[in-house]
Amino acid sequence: MTHASYQSGEKLQGKDDRSNRITYDYRSKSGVVHKEIILPENAPPEFTDRENLWNSVEASKTRKNSQLAREIIVALPRELDLEEQIEVMREYVRENFVNKGMIADFAIHDKGDDNPHAHIMLTTRHVTRDVAIPRSILSTVHLNANGRTSVSTTAHTKSMA
C-alpha cells in the first residue's frame with residue numbers, strides 16, 4: 001500500500017498487521033504526470049480504484065512474508081511527448097502483463113530532469129470476478145534418455161476457500 005501511494009502520488013488508506021487503519025499520503029510528491037490501472041477482462045471493475053485494489057491484494061495474503069506485488073521500472077524516451085509515452089506504456093503493459101492475467105498499476109514520473117520513467121506494480125495473483133486466486137507453480141523433474149535431468153513447471157490455480 002505504501003508503494004502504491006508513493007508511485008501514484010495519492011492519499012490511500014490501508015491496514016497494518018493488527019488491522020489498525022493507516023493513511024499513506026504522498027499527494028505532495030512532484031513529478032507524477034500520469035497514473036492508470038489496467039485490468040484483465042476477468043477482473044472486477046472496482047479494482048480500477050487504487051485503494052480498493054491494493055487493500056484487496058493485502059487481504060489475500062496467506063503468510064506474513066507473502067509477496068503481494070512485483071515492480072518494474074521502465075525508462076521512457078525523452079523524444080516522445082506525454083501522450084505518446086502513455087500510449088507506449090498502455091501497449092507494453094497490456095501485451096506483457098494484463099494479457100497474462102495480471103493487474104497493472106502504472107505511473108509515469110517526469111520531474112523535467114530529462115529522466116521520464118514509469119513504475120509498474122503488478123499483482124502476483126490471478127484475479128477472477130469473485131476473488132484474487134493464488135497461483136501455484138508445480139515443478140516436475142524429468143530424467144531423459146541421456147540420463148540428464150530437466151525441470152518443467154506447470155501452473156494451476158486453486159480456490160482460496
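In what order do the four strands of the open sheet stand?

**View 1. The open sheet of the predicted model.** The order is β3-β5-β6-β4, with antiparallel pairing; two strands pair if DSSP finds at least two bridges between them. Strands (E, at least two residues) and helices (H or I, at least four) are DSSP runs numbered from the N terminus. Because β3 (32–38) and β4 (69–75) are the edge strands, each with a single partner strand, one side of each has no neighbour in the sheet. From one strand to the next the twist averages 15°.

**View 2. Pairing of β3 with β5.** These antiparallel strands are joined by six bridges. His34 has Ile108 in β5 as its bridge partner.

**View 3. Helix α2 across the sheet.** Residues 50–59 form α2, which lies across β3, β4, β5 and β6 and runs at about 45° to β6. Angles run from 0 to 180 degrees between N-to-C directions, with axes fitted to C-alpha atoms, for helices over the stretch in contact (heavy atoms within 4.5 Å).

**View 4. The largest nonpolar core.** A nonpolar core is a set of buried Ala, Val, Leu, Ile, Met, Phe, Trp, Tyr and Cys residues joined through side-chain atoms within 4.5 Å; buried means under 20% relative accessible area (1.4 Å probe, protein chains only). Among its 15 residues, Met89, Val93, Phe106, Ile108 and Ile120 touch the most other members. At least two residues come from each of α3 (82–96), β5 (104–109) and β6 (117–123). A second, separate core of twelve residues includes Ile37, Leu53, Val57 and Met121.

**Notes.** Residues are numbered from 1 along each chain as its sequence is written, and side-chain values use heavy atoms, without hydrogens and water. In this predicted model, local features need pLDDT of at least 70 and side-chain atom pairs count only at pLDDT 80 or more, whereas totals for chains, interfaces and linings use all residues.

Conventions: Buried < 20%, exposed > 50% of the residue type's maximum accessible area, 1.4 Å probe, protein only.
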